[in-house]
Amino acid sequence: MGSSQNRRMAIKNILAGTGAVAAAGTLSAFTSPAVKTTAPYVLKGNINHSVCRWCFGNIDLDTLCGAAKDMGMKAIDLIGPEEWPIAKKHDLFSSMCNGPGVAITYGWNDLKKHDTLVASYSDLIPKVAAAGYKNLICFSGNREGKDDVTGLDNCVTGLKKILPLAEKHGVVLCMELLNSKVNHHDYQCDRTPWGVELCKKLGSENFKLLYDIYHMQIDEGDVIATIKANHQYLAHYHVAGVPGRHEPNDTQELFYPAIIKAIKDTGFTGYVAQEYLPIVKDQDAQIASLKASMTICDV
């Protein structure tokens, strides 16, 4: 048996539970008591699960896609055109497509950046649609001295230049809500009300928000009530534990089964993506961690 076959078999064993004994000492650090990693788990079918590729950067994409598919995930987040064929090989959807490669700080709230962003997104939107995908990430950028009204108006001005193209191709531009307290200092779209106001000003079903639960717990809290009140503007969700951005288990302050149930109860049919940084570093343990975290979010 070749090395790639050996690796594939090892992953299958872990996902089926037969490899859990070897990792038991590590798994106990992050596995919720409610999750039985030593027995096969059947997904309930209410949530479309995904995983953010960048969080598992020490696992090659082909292996990560194979593991995600084997554990019942339907998609992978934040990959670009050069990586889409690998996801398609495993029959995985690209649930949130990467933007054109500019920094998070380089966003639509700056008029001087609009020409570059319009050109980049005008090139990328048709490619997303041609590949059969829908969601395309974008960012507000940092304030850099701009007040919330100015930043909002600048975003409206720029995004209106590409929204007709997005509408034509059925692509949804998703601006991510990020915390400005811990991870992304000075980022402007750091509160749900600001993002919702942007959605309202643009008035298009092809512009919505990526609600990152980890980030919004840090900057505003009140996660479940916020989701219920604004779900029509939320196209996608990211999951991670607070504090630390690690596994969403019972070692941190958020109770994800209740949060994901609230999302499900809004009638949401999109994707919920794991975007946490695994505490464990071993590849096999990370895959087992991913399955355990997905299971916690399966309601």
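**Ground rules.** I am working with a predicted model, where local features need pLDDT of at least 70, side-chain atom pairs count only at pLDDT 80 or more, and totals for chains, interfaces and linings use all residues. Residues are numbered from 1 along each chain as its sequence is written, and side-chain values use heavy atoms, without hydrogens and water.

**Core.** I looked up the largest nonpolar core, which has 87 residues. Such a core is a set of buried Ala, Val, Leu, Ile, Met, Phe, Trp, Tyr and Cys residues joined through side-chain atoms within 4.5 Å. Buried means under 20% relative accessible area, exposed over 50%, and partly exposed in between (1.4 Å probe, protein chains only). Leu 159, Leu 173, Met 175, Leu 198, Phe 207 and Ile 213 touch the most other members. Helix H5 (residues 114-130) gives the most to this core, six residues. I took helices (H or I, at least four residues) and strands (E, at least two) as DSSP runs, numbered from the N terminus.

**Helix H5.** I checked the length next. The expected span is 1.5 Å times one less than the number of residues. For the 17 residues of H5 that gives 24 Å, and the end C-alpha atoms are 24 Å apart, which agrees. Its buried residues include His 114, Tyr 121 and Val 128. I found that the buried residues of H5 pack against several elements, among them helix H4 (84-89) and strand E3 (93-97). Gly 132, with a positive phi near 90 degrees, follows H5.

**Ser 204.** I found Ser 204 in the loop between helix H8 (192-202) and strand E6 (207-212). Ser 204 counts as buried because its relative accessibility is 8%. Its side chain makes a polar contact of 2.7 Å with that of Glu 167. Here that means N or O atoms within 3.5 Å, one able to donate a hydrogen and the other to accept it; residues adjacent in sequence count only if both atoms are side-chain atoms. The Ser 204 side chain also reaches the backbone nitrogen of Asn 206 at 3.0 Å.

**Rings.** I searched the whole structure and got seven aromatic pairs. Rings of Phe, Tyr and Trp (its six-membered ring) pair if their centres lie within 6.5 Å; planes under 30 degrees apart are stacked, over 60 edge-to-face, the rest tilted. Phe 56 and Tyr 276 are edge-to-face, at 5.7 Å and 85 degrees. The pair ties together parts 220 residues apart in sequence. Both Phe 56 and Tyr 276 are buried.

Conventions. Contact = heavy atoms within 4.5 Å.
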